[in-house]
Amino acid sequence: IDGQPLGESYVQFADDEIRGSPRDNFGTVIVPKGSLLVMGDNRDRAYDNRFWGFVESSRIKGRVFIY
């Protein structure tokens with residue numbers, strides 16, 4: 001985040017069905033201006049930006065109200 005690696009010692013990838021997918025090999029990305037990076041909270045089963053790309057800010061229709 002902001003040029004610094006995020007240490008996530010709690011993360012565990014244990015799903016052999018999708019090993020080697022973009023989920024495990026996402027790497028470093030630069031989010032284009034006017035876009036968002038949207039990640040799922042279930043890392044082993046989330047089909048999110050790692051699979052379908054960035055979301056243009058103009059496509060957002062609501063606001064987060066619980067976080």
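This is a predicted model: local features need pLDDT of at least 70, side-chain atom pairs count only at pLDDT 80 or more; totals for chains, interfaces and linings use all residues.
Residues are numbered from 1 along each chain as its sequence is written, and side-chain values use heavy atoms, with hydrogens and water left out.

**Overall layout**

The protein has 1 helix and 2 strands, where helices (H or I, at least four residues) and strands (E, at least two) are DSSP runs numbered from the N terminus. Read from the N terminus on, these elements follow the order β-α-β. Of its 67 residues, 16% count as buried, a word that stands for under 20% relative accessible area, while exposed stands for over 50% and partly exposed for what lies in between (1.4 Å probe, protein chains only). The protein exposes about 6000 Å², of which carbon and sulfur atoms supply 53%; accessible areas come from the Shrake-Rupley method with a 1.4 Å probe, and for residues only the protein chains shown count as cover. Among the contacts (heavy atoms within 4.5 Å) with a separation of 6 or more, 38% are accounted for by residues 24 or more positions apart.

| Residue | Relative accessible area | Class |
|---|---|---|
| Ser35 | 18% | buried |
| Asp48 | 2% | buried |
| Ile60 | 41% | partly exposed |
| Trp52 | 47% | partly exposed |

Ser35 belongs to strand E1, which covers residues 35-36, and, leaving aside residues up to four places away in sequence, Ser35 touches Phe54, Val55, Glu56 and Ser57. Asp48 sits in the loop between E1 and H1, and with the same exclusion of residues up to four places away in sequence, Asp48 touches Val38, Met39, Gly40 and Gly53.

**A nonpolar patch**

Leu36, Val38, Tyr47, Phe51, Trp52 and Ile60 make a nonpolar surface patch of about 550 Å². Patches are made of residues with over 30% relative accessible area and no salt bridge, with like charges joined within 9 Å and nonpolar side chains (Val, Leu, Ile, Met, Phe, Trp, Tyr) within 5 Å; a salt bridge is a side-chain nitrogen of Lys or Arg within 4 Å of a carboxyl oxygen of Asp or Glu. Trp52 is in helix H1, residues 49-52, while Ile60 lies in the segment after strand E2 (55-56). Ile60 touches Leu36 and Val55 when residues up to four places away in sequence are not counted, and the C-alpha atoms of Ile60 and Leu36, 24 residues apart along the chain, are separated by 9.4 Å.
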